[in-house]
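This briefing reviews the ligand surroundings and a pocket in the structure shown below. Please read the points alongside the sequence and the coordinates on display.

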Amino acid sequence: MTRYLSGIQPTGKPHLGNYFGAIKEHIECAKSAQPGEAFYFVADYHALTNPNVNSDELEQNIRAIAATYLALGLDPNRAVLFRQSDVPEVTELAWILATSTGMGLLERAHSYKDKVAKGMKPNVGLFTYPLLMAADILIYDPDIVPVGKDQIQHIEMTQDMVTYIDTRFGQQDESILKRPEWKLSQTPKVVGIDGEKMSSSYGNDIWIFESGKALKKRVNKIVTDSKAPEEAKNPDEVIPLQLLKLFVEDATYQEWATKVKSGGEGAPGYGHIKKALMDAMDTTFEDARLEYQRLMERDEGKRELDQILTDGGKKARSVAQSVLLRVMQRVGLGHVTQRLSS
Ligand code: ADP
Ligand code: TRP
């Protein structure tokens, strides 16, 4: 039996990069797992490490992420969908991990260094982010953590922390915490409307559920040059075609690519490719968009969403409490049984 776990930060509206690079993979893992063996949480405590996070919008962003997963097909009867902050035991495990982890490990974190290099004034939470991330992985005993490339180092640090705890408190041949492995998604990099990696922080993203005029406006902003349709082009450099590729069968993509490459009469212009992209997005996400609106806007939908998150939190918390107990007993704080059972 394989257990999956991943976390998603509530940083606004999820975009196509999030979908093809993470969400789609997560939903597929949940389908292949046994019921109750896929854990996905909205990493709201992690979001607080960003000094620009808007606290008025945080609650809404948490709901938006959860509703997106459900609308796109995550079955809450098979997967455990919850909010990180509904499991306070995670912060307790993070503390225990902190007491066995050297400063050097955290100082080597790329993500921290990148953010500081970009001018972010770091708070202590940003520096200790990998400890909280390790805790929210290890506290559910998962086998596999599906993540994007940028997160691999965090998983490797998590693996290191399993060893640190064992070295300090373990007994031979028996690990206190389960060592997780990472799994990369099939689509490691989706390009944004400017051809760079799509990211909410670059302002080059397309929201998964964008539709109608707003979608048209966004797609029209996809950067293209001034070449005429008949001019031969490198398909890899035609940004709308790279996005269309994500939605269509490989054979269909090859037909488009061949025409673009050879140029001449009948070759598609940029407007033509953009229209095909809009149609593909519309068809692919039509049902999901309606379900998303129901969960976010209608009273019964909102209640249903809240209930799923609350139930998910309870299930996740009971797993977390048993793992925390196991750790606390091994570090010499076994009295915690009294608190956990009261
Ligand atoms: P953003 O860059 O918009 O803030 P996040 O860093 O929150 O996105 O990413 C959430 C998840 O989506 C991660 O697993 C990440 O690897 C994946 N992801 C984000 N952008 C892309 C992209 N352009 N292509 C592929 N995967 C992506
Ligand atoms: N750091 C991850 C990101 O920014 C989010 C995250 C938090 C996560 N905790 C996790 C991912 C645990 C996987 C497992 O995308």
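The shell around ligand 1 consists, by class, of 4 nonpolar, 8 polar and 3 charged residues. The model is a predicted one, and the values below are computed from it.

**Ligand 1**

- Ligand 1 is surrounded by 15 residues, of which His15, Val190, Met198, Ser199 and Ser200 are the closest.
- The side chain of His15 places an N or O atom 2.7 Å from an oxygen atom of ligand 1.
- Asn18 also approaches through its side chain, with a polar atom 3.1 Å from an oxygen atom of ligand 1.
- At Gly17 the backbone is involved: one of its N or O atoms lies 3.2 Å from a nitrogen atom of ligand 1.
- Ligand 1 taken alone exposes 540 Å², and the protein buries 84% of that area.

**Ligand 2**

- There are 14 residues around ligand 2, and the closest are Gln9, His46, Tyr129, Asp136 and Gln151.
- A polar atom in the side chain of Tyr129 is 2.6 Å from a nitrogen atom of ligand 2.
- A nitrogen atom of ligand 2 also lies 3.2 Å from a side-chain N or O atom of Asp136.
- Gln9 faces an oxygen atom of ligand 2, with a polar side-chain atom at 3.3 Å.
- Of the 370 Å² that ligand 2 exposes when taken alone, the protein buries 88%.
- Strand S1 (4–8), helix H8 and strand S4 (144–147) each contribute at least two residues to the shell around ligand 2.
- Helix H8 provides the largest share of that shell, with 4 residues.
- In terms of class, the shell around ligand 2 comprises 8 nonpolar, 5 polar and 1 charged residues.

**Second largest pocket**

- The second largest pocket holds about 220 Å³ of space.
- Its lining is made up of 13 residues, and Ala94, Trp95, Thr128, Leu131 and Leu132 are the closest to the pocket centre.
- Helix H2 (44–47), helix H4 (89–98), helix H7 (124–127) and helix H8 (129–138) are the elements that give two or more residues to this lining.
- Helix H4 makes the largest contribution to the lining, at 4 residues.
- The lining residues divide into 8 nonpolar and 5 polar, with no charged residues.

How values were computed
Residues are numbered from 1 along each chain as its sequence is written. Chains are lettered from A and ligands numbered from 1 in the order in which they are written. This is a predicted model: local features need pLDDT of at least 70, side-chain atom pairs count only at pLDDT 80 or more; totals for chains, interfaces and linings use all residues. Side-chain values use heavy atoms; hydrogens and water are left out. A residue is near a molecule or strand if one of its heavy atoms lies within 4 Å of it. A polar contact is a pair of N or O atoms within 3.5 Å; within protein, one must be able to donate a hydrogen and the other to accept it, and residues adjacent in sequence count only if both atoms are side-chain atoms. Accessible areas come from the Shrake-Rupley method with a 1.4 Å probe; for residues, only the protein chains shown count as cover. Ala, Val, Leu, Ile, Met, Phe, Trp, Tyr, Cys and Pro count as nonpolar, Asp, Glu, Lys and Arg as charged, and the others, Gly among them, as polar. On a 1 Å grid over the protein atoms alone, a cavity is a set of points where a 1.4 Å probe fits but cannot get out, and a pocket is an open set with protein on both sides within 12 Å along at least five of seven lines; lining residues have an atom within 4 Å of a point. Grid points are joined across faces, edges and corners, and a volume is the space filled by probe spheres set on the points.
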